[in-house]
Each structure stands twice: as structure tokens, then as C-alpha cells.
Amino acid sequence: MRKLVDVSHQITDGMTTCRGLPEPVVEEGSASWGAESGHEASSGRVTMVGATGTYVEMPSHRYRDGADLADLDLERVADLPGVVVTPASGRAIGPDAFSGVDVRGRAVLVRTGWDRHWRTDAYGSSDHPHLTEDAAKVLVDGGAALVGIDGIGVDDTSPAAEGARPALAVLLAAGIPVVSHLCLLDQLPEEGFAFHAVPAKVRGMAAFPVRAFAVLR
């Protein structure tokens, strides 16, 4: 039998994904209708920025003429053969982490274990692991279909980085969707699974939460 493994975080009212971003507001049952017919229904309301919880980033996040969520082909985020890469310890993940790994046409999920800090002050600190620009170039040259990481993002966010996002820029320029804030990648094998991370089809949005999961074969 197939096994499904959820590798995405919950979105809850008032949670923090990244320091400085607005917190989501979740209003349960904030709207209702149909009471006059005796069949009342209700629906909640969520107010949030796209970069909330586990989310995918599209080229338009960085490039004005880049594809947004409504342009996203399902083949880029659904039923992708996956591979989990666990780099050696250290903040900067360089090209060597992907040496000998067949990434072509695959969802490359980078397991750092940083998800253990989720919803703590440590999670948003600048000490988190990240890809180097050269590592991103190796993934592009290797033909990766999608890149995901179980931390705050693929780039260095320390003051020394001065706000540069070279790894993300390289990946998005190549049209590769990037999924940040994954979790529980230790529950996946290195290979032998299909990865799914499908967002809502919203025109004009460059990032949006996904329900990321793996189907183990």
C-alpha cells in the first residue's frame, strides 16, 4: 500500500512564519448564509500574506515578467519524483552537497533539520542553513524541477548578506519553483517517492501556501 507523508506546517491564527511579516488572521465561521431556508452554512475567512507557512515561490516573486501562480503548470509541482539530500553540518550548503545526485526532473528536497526550531526565536535567526549561489547553479544545470528546504529559505539572511538573495534569484530565473518551510523530511527515504506541493491558482500572486506531501511507493 502507498503511504502519504505530510511535510507541511499548519497555518494557525496569529502564527509567525518569518519575523517582520504580517501574522495570518483566521476567523472561523465569519460568514454565514441560508438561514432563511433552514439550511444554514458558514465559511471562515483567512487574511494573510502569500509567504505564510509552507509556501511556494514563483519567478514573479523576483522578476516582473516572471510567471505567477496562475501560470504554474501542475507538472512543475505535482507527482514529481523526489530526492532528499542531507548536507553535512554547516550553514552554507555548497555544490558538493549535490555531487553524484541525479536531480534531473526531480523535486530536490534539502533536509537540514532546521524545522525542529519552528515557532521559536531560533527559527528566524540568521544562523539557518542556506544554499550558496554556486549550489543553486548546480541544481539549475542539473535540470532540477523543483527545490525545497526545511528552513526559512534557500538564501543567507544574515546582516553580512546585505539582503541579497542569489540562490533564489538563480532558481527562479530558471523557472524552478522553490518551496520553503518544509518539515519532517526525516520521514522520507532518499528516493522512491513522488512529491506534491500545489498552491491555489491565484492570478497576480508570486507566493502562496501549499499542502506539501510525499507519496511513498
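Visitor: Which residues in H1 meet which residues in H2?

Guide: First, a caveat: this is a predicted model, where local features need pLDDT of at least 70, side-chain atom pairs count only at pLDDT 80 or more, and totals for chains, interfaces and linings use all residues. Residues are numbered from 1 along each chain as its sequence is written, and side-chain values use heavy atoms, with hydrogens and water left out.

Now, your pair. From H1, Glu133, Ala136, Lys137, Leu139 and Val140 meet Pro166, Ala167, Val170 and Leu171 of H2 (contact means heavy atoms within 4.5 Å; helices are DSSP runs of H or I, at least four residues, strands are E runs of at least two, and both are numbered from the N terminus). By class, this contact has seven nonpolar, no polar and two charged residues (Ala, Val, Leu, Ile, Met, Phe, Trp, Tyr, Cys and Pro count as nonpolar, Asp, Glu, Lys and Arg as charged, and the others, Gly among them, as polar).

H1 (residues 133-141) packs on H2 at about 15 degrees, their axes 8 Å apart (axes are lines fitted to C-alpha atoms, for helices over the stretch in contact, and angles run from 0 to 180 degrees between N-to-C directions). That makes H1 roughly parallel to H2, a label for angles under 35 degrees.

H2 (residues 166-173) also lies across S4, S9 (146-149) and S10 (178-180), running at about 140 degrees to S10. As for S4 (residues 55-57), it pairs with S12 in the antiparallel sense over three bridges (pairing takes at least two DSSP bridges), and Tyr55 stands opposite Pro209 in S12.

Terms used:
Parallel < 35°, antiparallel > 145°, perpendicular 65-115°, else oblique.
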